[in-house]
Amino acid sequence: MSLMETIKSFRATGDLSGLVSEIPYMKMTGIEMNVLDNDVVGTMRYSDQLLGNARAHALHGGTLGALLESTSIFKLLWDAETSALPKTINITVQYLRSATQVDTFARAEFIRKGRRVAVVRALAWQEYPDQPVAIANAHFLLVD
Amino acid sequence: MPYSEKLVGNPETGVVHGGCITTLIDSVCGAAVFLSLREMRRVATLDLRIDYLRPAKPKKEIACRAHAYRITKHVAFVRAFAYDDDPNDWVASAAGTFMIFEPRSKEPR
């Protein structure tokens, strides 16, 4: 099955795990995607390889960026009627709190979803959803 | 960053996931800040903005160069770019700010 066919099939079943398993980087970083209350929730399972600063027991900023970007892309695939894989134009990540050695969760929302470009904001949190560890704003190109 | 199958974001094209480019750039920017300080300090990313100029070429190693162009007492400002074959043909351009912590003895634990 091609990537686009996998995407179309998960829209029908609501099960994102088939698509996640096809993306090696997500498998490597332990990033999973689930649909909860018709919204996409990303989860990055903790593993020692995610540490950036081992002495401070803090996750590497790059992994949080990856979680935020992935969640935003999956949100677009789930909600928007895109026929192509969204391409990241740019992403700005703001690191708000030290992320510690536990699982991290993320959600994304559309600030503006046009025909060609979508502006997406995503939040990542660990213990408390109202205390995000990082947020991101990104532009995605939806057309070829 | 050497190419590895484990870093792939799009299995059809073999292009690496944007997240690894973010990680690469964040790491090199942090190192640039470290190298520009007179003594060892803890450093943490405040924000990082990455513009993706073109997809990285599959199976190619990706390199990043970062320059901490302004260091103040508490904040460092960094610019970076990432490339694969040609340092003049950028895959991504980035700008970031980093917090510089007080020496360890003054930090609350």
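Me: How many residue pairs are in polar contact between chain B and chain A?
Reply: The count is 10 residue pairs, both residues at pLDDT 80 or more. A polar contact is a pair of N or O atoms within 3.5 Å; within protein, one must be able to donate a hydrogen and the other to accept it, and residues adjacent in sequence count only if both atoms are side-chain atoms. This is a predicted model, in which local features need pLDDT of at least 70, side-chain atom pairs count only at pLDDT 80 or more, and totals for chains, interfaces and linings use all residues. Residues are numbered from 1 along each chain as its sequence is written, and side-chain values use heavy atoms, without hydrogens and water.

Me: And how many salt bridges are there across that interface?
Reply: The rule finds 0 salt bridges between chain B and chain A (a side-chain nitrogen of Lys or Arg within 4 Å of a carboxyl oxygen of Asp or Glu).

Me: Which element of chain B gives the largest share of the side that touches chain A?
Reply: Strand 3 of chain B does, with 8 residues. Strands (E, at least two residues) are DSSP runs, numbered from the N terminus.

Me: What does strand 3 of chain B join in chain A?
Reply: Strand 5 of chain A, residues 87–95, is joined to strand 3 of chain B by 5 bridges, and the two run antiparallel. Strands pair if DSSP finds at least two bridges between them. B:Leu48 in strand 3 of chain B stands opposite A:Val93.

Me: New topic: how much area do the chains bury?
Reply: Chain B and chain A bury about 2100 Å² between them, 55% of it on carbon and sulfur atoms. Buried area is the accessible area (1.4 Å probe) that two parts lose on being put together, summed over both.

How values were computed
Chains are lettered from A and ligands numbered from 1 in the order in which they are written. Helices (H or I, at least four residues) and strands (E, at least two) are DSSP runs, numbered from the N terminus.
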